[in-house]
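Visitor: Hi, I'm new to this one and would like a walk through it. Could you take it slowly?
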Amino acid sequence: MADYKVKFEVFEGPLDLLLYLIRKEEVDIYEVNLTRLATQFIEYIETMRVLDLEIAGEFLVMAATLMYIKSRELLPADQQVEVEGEEEGEDPRWELIRQLVEYKKFKDAAAQLQVLEAEQENVFPRRPGKPEFAPDTLPPRPEVSLFDLVNAVSVVLKRFARREEAREIFEDQWTVSEKIEQLMRLIAERAPLKFSELFEGMISRSEVVCTFLALLELIRLRQLVAFQKEAFGEIEIGRGPGAAATSAPGSVAPLTESALCPQSAVGNPKS
Amino acid sequence: MELKFILESLLFSAQKPLSVPELSGALAAAAEQEGADPGVKAFKKVRESDLTAALEQLAREHEEAKRSYRLVCVAGAWQFVTQPEFGPWLRALVGFKARPPRLSQPALETLAIIAYRQPVTRADMEQIRGVSVDGVMQTLLERGLVEQVGRAEVVGHPMTYGTTSLFLGYFGLRSLEDLPAADELRKMVVERSAAPVTADPGLATAPPEQLQPNAAGGVQPAETGDQRKEAAPT
């Protein structure tokens, strides 16, 4: 429990706290009494310490600056030590006031930006619908040959090429019939689907192969159709002409009986 | 046909905000169409300054007509938008605008510094804010509101940052000139106060000579401070 510190975020930094204290005094920044401000600032830090709040280093630096200013006030100017290297004209009081005034201006500017931000949330642009006489999608090119599909799947399989060198023997967890059901569900939800999306998240070569065989089977059965919107574009998979008649997910089950046995297909990866 | 009404019709049906060069391109394309009418050809080459003037005129007319929408230029592109007071109804119709969450106070402060002072280094921002800006800069960069614009000609060549056009769009600003109180904040010089910056009776609080506007160096009579009549000779 002793290590638990609340991060003190009400005041973004020491300047923020100083501005707050000045505002409380209801005086102009230029006329503020810095010695009184120093006392209040340090009291505040003390409170934060008592409450066991985390005090950022910047606050302590500011407290030190204020203490320095306060200590200077106690000495007549002719008895003050000339700080080595400090240019004449640098007065820590002036430096602080200048910093406060500048910070205050940007804080005010930030408040104005905030107003604009809130206003923009309520401003809606005119967005006319697209004119109907300019169809932007060409009719899909329906023909995707078996070779196109094999080409596409070989690209997907390259993902696994390296891993296959050190071979692990594990049980095949996928069957073509399962993948047929999965594909039908996926297409029902998200058709048309990009070819690459079919294989998203797959972890092994045999899973890809099973899915691909399932895809071929469904295309053969005219449940799915593969097409390209443009030549050499990505192959997309949509619902085929045969799907309308058997759209209920349950009705695909009988098809799976004719599916190939997965083991025979993936048993020899070199083929 | 008046130029401003041609522009109005283009902006009315445009799919996206249009910049002056885009509008100029549309006018030229219309004039080059086969069998274009002389009235259309007349607007083949319109100076961009004339286009801007016509757009501003149009925007003023819409403003004066007090309609529920207005013509605005955001980040250099013109479009029709609704007036903010109709937000509640539009939200009901089209849903909340897809906007990232509002910016935090520190993020807004840092953004204001960058907007008015660009190009600006992180050290400059920290100097003004008095606290580190690393966290907020991360947010601002991720949201694409600011970007690196170069390197400062000082020791170590630190990166300098500036705002993006997304920034202008997010706040609905036409340009950086359109920022609130731009003139004042962009080249702000803090005026030195003529009055003593501290005055605590009982303490020797004579203002140092450099705080007095007419300080000529050397011996300077103190204006306040009872215990001392003359400032220390330097």
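Guide: We can go from the chains to a helix pair, then to the cores and a few backbone details. Please keep in mind that this is a predicted model.

Visitor: OK, how many helices and strands does chain A have?
Guide: Chain A has nine helices and five strands, and from the N terminus on its elements run β-α-α-β-α-α-α-α-β-α-α-β-β-α.

Visitor: And what share of chain A is buried?
Guide: Of the 271 residues in chain A, 24% are buried. As for its contacts with a separation of 6 or more, 72% are accounted for by residues 24 or more positions apart.

Visitor: What about chain B, how many helices and strands there?
Guide: Chain B has ten helices and six strands, and 26% of its 234 residues count as buried. Among the contacts in chain B between residues at least 6 apart in sequence, 42% join residues at least 24 apart.

Visitor: Let's look at a helix pair. At what angle do α6 and α8 of chain A pack?
Guide: Helix α6 of chain A, residues 176–190, and helix α8 of chain A, residues 205–220, pack at an angle of about 65°, and their axes are 8 Å apart. Because angles of 65 to 115 degrees count as roughly perpendicular, that makes α6(A) roughly perpendicular to α8(A).

Visitor: Is that crossing left-handed or right-handed?
Guide: The crossing in which α6(A) passes α8(A) is right-handed. On the α6(A) side the contact is made by A:V176, A:K179, A:I180 and A:L183, while the residues from α8(A) include A:C210, A:T211, A:L213 and A:A214.

Visitor: How many of those contact residues are nonpolar, polar or charged?
Guide: The residues in the contact of α6(A) with α8(A) divide into eight nonpolar, one polar and two charged.

Visitor: New topic, then. How many residues are in the largest nonpolar core?
Guide: The largest nonpolar core has 60 residues, and those with the most contacts inside it are B:L111, B:A112, B:I113 and B:I114. If neighbours within four places in sequence are left aside, B:A112 is in contact with A:F106, A:A109, A:A110 and A:L113. Another core, of 20 residues, lies apart from the largest one, and among its residues are A:L183, A:F195, A:A214 and A:V225.

Visitor: Which of those did we meet in the helix pair?
Guide: A:L183 of α6(A) and A:A214 of α8(A) are among the residues that make the helix contact, and both are also among the residues of the core of 20.

Visitor: Now the backbone. Where is the cis peptide bond?
Guide: A cis peptide bond joins B:Q118 and B:P119, with omega about -5°, and B:P119 lies in the loop between α6 and β4 of chain B. For background, most peptide bonds are trans, and most residues other than glycine have a negative phi.

Visitor: Which residue has a positive phi of about 50°?
Guide: That is B:K66, which is not a glycine, and it lies in the loop between α4 and β2 of chain B. B:H157, also a residue other than glycine, has a positive phi near 45° and is found in the loop between β5 and β6 of chain B.

Visitor: Why does B:K66 count as exposed?
Guide: B:K66 counts as exposed because it has 8 C-beta neighbours inside 10 Å, and the cut-off for exposed is 12 or fewer. B:H157 is exposed as well, with 11 other C-beta atoms within 10 Å.

Visitor: And B:S104, where is that found?
Guide: B:S104 is in the loop between α5 and α6 of chain B, and it is partly exposed, with 14 other C-beta atoms within 10 Å. Its C-alpha atom is separated by 8.8 Å from that of B:V136, which is 32 residues apart from B:S104 along the chain.

Note on methods:
Residues numbered from 1 in each chain as written. Chains lettered and ligands numbered in written order. Predicted model: local features only at pLDDT ≥ 70, side-chain atom pairs only at ≥ 80, totals over all residues. Axes fitted to C-alpha atoms, helices over the stretch in contact; angles between N-to-C directions. Helix = DSSP H or I, 4+ residues; strand = E, 2+ residues; numbered from the N terminus. Parallel < 35°, antiparallel > 145°, perpendicular 65-115°, else oblique. Left-handed = near helix turned anticlockwise from the far one by under 90°. Contact = placed C-beta atoms within 7 Å. Nonpolar A, V, L, I, M, F, W, Y, C, P; charged D, E, K, R; others polar. Core = buried A, V, L, I, M, F, W, Y, C linked by C-beta atoms within 7 Å.
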